[in-house]
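Q: Hi! Could you walk me through this one before I start working with it?
A: Happy to. Let's bring it up and go topic by topic.

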Amino acid sequence: MGFAERVVAQALLVMMAALLQLSHAAVYKVGDSAGWTTIGNIDYKQWAATKTFQVGDIIHFEYNAQFHNVMRVTHPMYRACNASAPLATYNTGNDSINITTKGHHYFFCGVPGHCQAGQKVDINVLRSSETAPSPAPSGLSPSSVPSVGGPAPSPSSAISLRASKGSFSMLGLAMAAFTVFV
Ligand SMILES: [Cu+2]
């Protein structure tokens, strides 16, 4: 193939690599279909135990904001269900929280009695994802790949959510375009 086609093909390869990296960031809806609630005695510990959380993932809390909220707390607060001084409080009923660091991230509902009833979850990130930084094959470099290595400035959760949802369709487009040029 000619020079122009090669450049385009390379650009598409870089783009595909970037999209594949993006799709590593997962969105986890706490409680799955049940969401964030006290109804049904959902075992959020069990829910979390079935997941492998990584830096860059998004934890999504969906609930009726009239009855619940989400508080990020320290481990002692988590154990004692102490809602007096949360690190952060979310109360939209549709909260997406970016996980930017390894270790434990403790959340519970701050409505009296709910944490004691089991509305609490420990998101434990064992290690960051294993995407090694790969050199771009040409002068073109992916500019919008979020860092997965540490507490770097993270994109807003809305953007990440959209990106990971759109990854596969965009990847499909890129592949379709790629086959045209090869
Ligand atoms: Cu609650």
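Q: What's the strand order in the open sheet of three strands?
A: This is a predicted model, and in it the open three-stranded sheet runs S1-S2-S5, with mixed pairing.

Q: Which strands stand at the edges?
A: Strand S1 (27–29) and strand S5 (94–98) do; each has a single partner strand, so one side of each lacks a neighbour in the sheet.

Q: And how many degrees does the twist average?
A: From one strand to the next, the twist averages 20 degrees.

Q: In what sense do S1 and S2 pair?
A: They pair in the parallel sense, over three bridges. Across from Lys 29 you'll find His 60 in S2.

Q: What does Phe 108 touch?
A: Leaving out residues up to four places away in sequence, Phe 108 touches Met 71, Val 73, Tyr 78, Cys 81, Cys 115, Gln 119 and Lys 120.

Q: Last thing: what's the mean pLDDT of the chain?
A: The mean is 77, and 59% of the residues reach 70 or more.

Q: Where is the pLDDT below 50?
A: Over residues 131–171. Beyond near neighbours in sequence, that stretch has 55 contacts in the model.

Technical notes. Residues are numbered from 1 along each chain as its sequence is written. This is a predicted model: local features need pLDDT of at least 70, side-chain atom pairs count only at pLDDT 80 or more; totals for chains, interfaces and linings use all residues. Two residues are in contact if their C-beta atoms, placed from the backbone, lie within 7 Å. pLDDT is the predictor's confidence in each residue, from 0 to 100. Two strands pair if DSSP finds at least two bridges between them. Helices (H or I, at least four residues) and strands (E, at least two) are DSSP runs, numbered from the N terminus. Axes are lines fitted to C-alpha atoms, for helices over the stretch in contact, and angles run from 0 to 180 degrees between N-to-C directions.
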